[in-house]
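This report describes one protein chain, from its overall build down to a single side chain. Please keep the sequence and the model in view while reading.

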Amino acid sequence: MTKGVFMNKEHKTMIEMLDAMETTEKWNKFTRAKNEVFRKKLDAEKAEKFADYITQRFIDTCNDKSIWGSFRNWENKSQDEKISITEKIVKLFIQNIKYDIQNNRVTLHNRDGSEYKKTDEHIDSMFRQEIIQSIPNLIVQHRDVPGAMMGVSRDRFLYVNFQHPFYDKIPVFFLMDLKHELTHFVDMFVPSISIIDPDVNLDSQMFYANPQRDRQLYEENPLELNANQKRKDLRIKLEQMLKNQENTAYAIAHSVNHVNEK
């Protein structure tokens, strides 16, 4: 009986979607109706804690020895250099997420969104490995589209307009938005650690409002709300990180010059 009800509901939704696809006007109306149901559905307390976690892992990534110092003279780096740096950040960030899942450093969730509770060593290991193996890589590509800046797609691309003035000249703006998109990546491709309800997460992805058509619905999408958590705090931490790297690099260079002068 329960299965029949579920299938009827699923079938009804599919029919509604197919009908809505007949015209742009119908689809926009359908999308708005869906957004009204799930918009702003985000646990603020969980989202803030999750933002702290993602921010810290992102900064850990940027401070890694393989990336540290890459942001100096950012405005003078070529596009290929910036793409290479971005690829390193993305790859290492994903590795850090996998490490945290493997070593119980982040809360895991079941398919229904409930918190995962360890019951057996073998089952636990298999559960974690299944999650880790399902996490894809992201392919970084430059996309020179007027007005476009950065985005993660369902086909596993990270598109960046490296020529946008914000990204071309100012590393902190670039890093803030990269962290934003990597939060999207986690919510989209690592739902086991996402704090967004699974049904809300799915609908939020399927029925994203066009920001140029309806800015409010776009900004109130749970995926956007989650990625924008504590953005001012993120900026302050990134600015401090960049300053620390710059000061350390200067101190090292000054020390080397002092030794050479002797």
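Helices (H or I, at least four residues) and strands (E, at least two) are DSSP runs, numbered from the N terminus. By that rule the protein chain holds eleven helices and three strands. Their order from the N terminus is α-α-α-α-α-β-β-β-α-α-α-α-α-α.

The model is predicted: local features need pLDDT of at least 70, side-chain atom pairs count only at pLDDT 80 or more, and totals for chains, interfaces and linings use all residues. Residues are numbered from 1 along each chain as its sequence is written, and side-chain values use heavy atoms, with hydrogens and water left out.

**Overall values**

A residue is buried under 20% relative accessible area, exposed over 50%, and partly exposed in between (1.4 Å probe, protein chains only).

| Property of the protein chain | Value |
|---|---|
| Span of the C-alpha trace along its principal axes | about 85 × 50 × 30 Å |
| Share of buried residues | 41% of 262 residues |

Contact means heavy atoms within 4.5 Å. Among contacts between residues at least 6 apart in sequence, 65% join residues at least 24 apart.

**The core**

In soluble globular proteins, nonpolar side chains tend to be buried together. A nonpolar core is here a set of buried Ala, Val, Leu, Ile, Met, Phe, Trp, Tyr and Cys residues joined through side-chain atoms within 4.5 Å. The largest one has 60 residues, of which Phe71, Ile101 and Leu175 touch the most other members. Helix 7 (residues 171-189) gives this core its largest share, ten residues. Beyond its neighbours within four places in sequence, Phe71 is in contact with several residues, including Pro171, Leu175 and Met241.

**Helix 7**

The expected span of a helix is 1.5 Å times one less than its number of residues. Helix 7, with 19 residues, reaches 26 Å from its first C-alpha to its last, close to the expected 27 Å. Of its 19 residues, 18 are buried.

Leaving aside neighbours within four places in sequence, Phe173 is in contact with Phe166 and Tyr167. The C-alpha atoms of Phe173 and Gln229 are separated by 16 Å, and the two residues are 56 apart along the chain.
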